[in-house]
Amino acid sequence: FPLWIILVSSFTSEVALTTHGYRLWPLEFSTTAYSYLFKGGSIIMTAYKNTIIATLAGTVISVVTVGLYAYALSRPDFKYKKFFTFFSFFTMLFGGGMVSYYDMTRSVLGLKDTVWALFLPMSFSAYWVIIMRTFYQSSVPEAIIESARIDGCGEWRTLLQIVAPLALPGFATVALFSAIGVWNDFRNCLLINDSAQYYNLQYTIYQTMNNLRFIKENASRMGGVNVAILPAETFRMSMAVVTVGPIILAYPFFQKYFIKGLTVG
């Protein structure tokens, strides 16, 4: 019901929505909000492209790095297991703070005004490592790994051909966490990127909404502006449809793995 009302409201005219409120079917069908959102030359399309690239790249990097790190920690014969477990877990307890994060990402790593800034700082998480390590230990029998070694498999072949197929629910869980995190991220774009051509979807829509609000609040000082036709509420609803839609469409395909991975992890 809430999702349906949001969808219907996004296709309702601003005047009808303001006058009659939310309905289960639009009284006056209108695509004005989407016209504002995707008008020619709109920065929204650039932001959509940046967000899709960041989500795909960030998800792949997260799955690879977390999968490799967690596999090493799951092996009982790994000599430095305790050290790297603490090294990862320590970052969940203490952080460097906003100022150091700002300086490190912009000045030291040189991520300012790049697409890398949208996903690279979020491509690894100690929490995901704990989930994957637990999943390896609970879902991959040690006897299978020992059998692979007896048959002559090295670590890489054991991981790729034996362990990875059995750990697909764990990988899917990390992939979903990463994809949702990067897609919904707002802070990195706010802190690191200054150029609009490198904004992601969330931050671009936030700025667009602020611009519309500014126009409506200062319409009396700006001649020739018809406030009634500006899609403030319907624009907000269309934003929700645009930003939430891809995640909702993707989630059913990962739901089975997501629930299993969370339960085991």
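Analyst: Let us begin with a term. A cavity is a set of grid points where a 1.4 Å probe fits but cannot get out, and its lining residues have an atom within 4 Å of a point. Please keep in mind that this is a predicted model.

User: Which residues line the largest cavity?

Analyst: Rolling a probe the size of a water molecule over the atoms shows where empty space is left. In this model, the count comes to 1 cavity of 30 Å³ or more. The largest cavity has a volume of about 40 Å³. Its lining consists of V8, S9, T12, A16, L17, G21, Y22, R23, W25, P26 and L27. Two or more of these residues come from each of the helices α1 (2-10) and α2 (14-20). Sorted by class, the lining has 7 nonpolar, 3 polar and 1 charged residues.

User: How should I read a pocket, and what is the volume of the largest pocket?

Analyst: A pocket, in contrast to a cavity, is an open set of points. The largest pocket has a volume of about 820 Å³. It is lined by 27 residues, of which T91, Y101, P121, M122 and F124 are the closest to its centre. The elements α5 (81-93), α6 (98-108), α7 (126-139) and α11 (187-192) each give two or more residues to this lining. By class, the residues lining the largest pocket divide into 15 nonpolar, 10 polar and 2 charged.

User: Now to the cores. Which residues of the largest nonpolar core touch the most other members?

Analyst: In soluble globular proteins, nonpolar side chains tend to be buried together. Here the largest nonpolar core has 17 residues, and V66, M132, Y136, V163, A167 and F171 touch the most other members. At least two residues of this core are supplied by each of α4 (43-74), α7, α9 (155-166) and α10 (168-184). The largest share, 5 residues, comes from α7. Apart from this core lies another, of 12 residues, including Y34, W183, I205 and L212.

User: Which residues does V66 touch?

Analyst: Leaving aside residues up to four places away in sequence, V66 touches F124, S125, W128, V129, M132 and V174. Of these, M132 is also listed with V66 among the core residues that touch the most other members.

User: How many salt bridges does a search of the whole structure find, and what does the pair of R149 and D77 tie together?

Analyst: A salt bridge pairs a side-chain nitrogen of Lys or Arg with a carboxyl oxygen of Asp or Glu within 4 Å. The search finds 5 salt bridges. In one of them, the side chains of R149 and D77 meet at 3.4 Å, N to O. R149 lies in helix α8 (residues 142-150) and D77 in the loop between α4 and α5, so the pair ties together parts that are 72 residues apart in sequence. R149 also meets E155 in a salt bridge, at 2.5 Å, N to O.

User: Where do K112 and D194 lie?

Analyst: The side chains of K112 and D194 meet in a salt bridge of 3.8 Å, N to O. K112 lies in the loop between α6 and α7, and D194 in the loop between α11 and α12 (201-217), so this pair ties together parts that are 82 residues apart in sequence.

User: Is K112 buried, partly exposed or exposed?

Analyst: K112 is partly exposed, with a relative accessible area of 39%. D194 is partly exposed as well, at 43%.

Technical notes: Residues numbered from 1 in each chain as written. Predicted model: local features only at pLDDT ≥ 70, side-chain atom pairs only at ≥ 80, totals over all residues. Heavy atoms only, no water. 1 Å grid on protein atoms, 1.4 Å probe; cavity = no way out; pocket = protein on both sides within 12 Å on 5 of 7 lines; lining within 4 Å. Points joined across faces, edges and corners; volume = space filled by probe spheres on them. Helix = DSSP H or I, 4+ residues; strand = E, 2+ residues; numbered from the N terminus. Nonpolar A, V, L, I, M, F, W, Y, C, P; charged D, E, K, R; others polar. Core = buried A, V, L, I, M, F, W, Y, C linked by side-chain atoms within 4.5 Å. Buried < 20%, exposed > 50% of the residue type's maximum accessible area, 1.4 Å probe, protein only. Contact = heavy atoms within 4.5 Å.
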